[in-house]
Amino acid sequence: MDGVVVGAELERAGSFDDFVAARGDALWRSAWLLTGDAHLAEDLVQTALAKSYGRWDRIGDTGGFEAYVRRTLFTTYVSWWRRRWNGERATAELPETPTPGPDLALRRDLLAALTQLSRGQRAVVVLRYVEDLTERETAAVLGCSVGTVKSQTARAISALRDSSALRDEEDR
Amino acid sequence: MSDDDRLRDQLQALVPHPPPTPGRAAAARDLHHRSRRRTTVAVVTVAAVAVVALATAPLLTSGDEPGVTRPATQTPTPTPSPADPEAFTCPAPRAQADTDTVPAGATAVHLCAGSGTGFDAPTDALVTDVDELAGVVNRQPLVTAPGQNVCQTDLGPGYVLAFEYADGSIVPVGGDLYGCHELRVGTSTRGHPERPWSRFIALLRAQRAASRVAPRIPHRPACGDQRFDTGRGISPVAGPDEMVAATLCVSYQTETEHDPQGVPVPARDLAILLADRASHHDPVSTEDCDPDTPSWELVGATAWGDLVTADGWCGAWNDGRGIGGPPGPAAQRVLDRLVGHTGRPVPTVDATSTAEQVVAAYVDLLNADLRDEALALWHPLGTPDLPVGYGHVDAKVESVRPLRSISAYGDATAVTALYREVPPDGAFTDYREATFTLGRDQQGVFRIVHVDLGKVVPTGR
């Protein structure tokens, strides 16, 4: 019966599908910034969605469910990354589908700098600078103190500024 | 552009276009179902099955990593935020996991009802100091020969502390606050279940006190929401002094049964009542209650959703341990006003009422000073003889028997009762053996034909 939606699940599955169709790519973008790999990003998104699916009935089609999935995504990444993908591919390879934006070399450098960050630091950076969460919200998602968020952010930003991408940008 | 904005823009620009993934939702559902099946089968097993399961299946398996047993030393990152306590499904009272100690790193602990008398489990989970609680469990001494002790068959609550981990796995810890007072973790049995129980309560209370999350506005409970036979309304975590929304449920010590009449308690009145209740520290009388005196009960909810009650049997606070007393003047004024809104229930009778029920209704109507309604309970062929000059009437029905000799009244019936008319000053009055004779009227309703006050029954003072 794997993969088969039966009986009373049909209705909620429809709503869940709509949510995934609408917000799945946004979740994937965050996951990609965490993993730096398209396949691992998809794996992480599906894991977070699977863990959250059981709460759909409770939380429903509101912003609350997306927040819940995001928290799950980040905590799964931070907590399980080493176990799940032992031998993590800290790749600096460019994505398969390049996007318009900064110079290719600069993006390569920034991505390389991201891969040098610890999982916690990378999660903090994505939450603070991509998800636009406050320090307190970031701490709540990651289950750590605000002080930890501050220190992790400071170290991460310091490391990223050492990358040629940001140095070059600042020099312009 | 600030450094932060620049970094933000560059990060956004770094992300490639997501590949088309039409089956993402179906794949997630599929993964969810497979994970749940593994969790259900392998993580938590009912004790009866555990003996077999322990020998054949690796337990405490991560939902995403089949076959991997969580080592006791593993410490997943605490993730309190995703814990959604209201969505948590408690394990079975005798659920068992394949570990004899509680691993560190749980993200939340839920208190659930176990085997024993019931209680109301809190809906919020403990997410702070979780490892400390695990340590309290693990430090309790092992029982050398569990199951072979002869223990008192007293009764008390049983509980399950469900330690939840980031991967969705559960380690249930069962405790019996009765009998052999056992604490169970996996196949091990330990002593002193009171210690984790009381520590959980203390930690959850501290967590609530420190929480900056605004508690939800609770639903105002209704009369009858509390069910002490099932433990509904018995909170181990919160007390009645913490209620923030309440209903006053008013009842009288009547002969006829009636549901308590409920009236919402405004917040200001509730504050007055709770402050007054907290001021009583002396033993309260538990003598018979005058039927004119309303009994009340505050049925309330705390900001965390705990259902709690405050008892005012026979018009006096009673904390359940015999401590309380009559309300002070300010609280009494509030109570009088609220009780006035509920009114006193008026018993009614119909063709389905028994002769005994009609006598009970008659007594209640007399005590409510509803003399016209009491008069209406007399048979048209009878000679009404209502008591006068009484404070209240007591009647304790002792027997009911049919009377064949009075065929003029359908289903003629004699109801004997210990009966007395207590004067307004409450002076002691002996009971008499009264016989109420009743027969059905043309509508088939039992009515009173005659009341015979017999001999005095000595009952002592």
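These questions and answers concern a predicted model.

Me: What makes the contact between α6(B) and α7(B)?
Reply: α6(B) brings B:D269, B:I272, B:L273 and B:D276. α7(B) brings B:A330, B:A331, B:V334, B:L335, B:R337 and B:L338. By class, seven are nonpolar, three charged and none polar.

Me: Why does A:S52 count as buried?
Reply: Buried means under 20% relative accessible area. A:S52 has 0%, so A:S52 counts as buried. This residue sits in helix α2 (residues 38–53) of chain A. Leaving out residues up to four places away in sequence, A:S52 touches A:F65, A:Y68, A:V69 and A:T72.

Me: What makes β5 and β9 of chain B stand at the edges?
Reply: The open sheet runs β5-β6-β7-β8-β9 in chain B, with antiparallel pairing. β5 (108–113) and β9 (188–190) each have a single partner strand, so one side of each lacks a neighbour in the sheet. Neighbouring strands are turned by 20 degrees on average, direction ignored.

Me: How do you know that β6 and β7 of chain B pair?
Reply: Pairing takes at least two bridges. Strands β6 (residues 158–164) and β7 (residues 170–176) of chain B have seven, in the antiparallel sense. B:A162 stands opposite B:P172 in β7(B).

Notes: Residues are numbered from 1 along each chain as its sequence is written. Chains are lettered from A and ligands numbered from 1 in the order in which they are written. This is a predicted model: local features need pLDDT of at least 70, side-chain atom pairs count only at pLDDT 80 or more; totals for chains, interfaces and linings use all residues. Side-chain values use heavy atoms; hydrogens and water are left out. Contact means heavy atoms within 4.5 Å. Helices (H or I, at least four residues) and strands (E, at least two) are DSSP runs, numbered from the N terminus. Ala, Val, Leu, Ile, Met, Phe, Trp, Tyr, Cys and Pro count as nonpolar, Asp, Glu, Lys and Arg as charged, and the others, Gly among them, as polar. Buried means under 20% relative accessible area, exposed over 50%, partly exposed in between (1.4 Å probe, protein chains only). Axes are lines fitted to C-alpha atoms, for helices over the stretch in contact, and angles run from 0 to 180 degrees between N-to-C directions.
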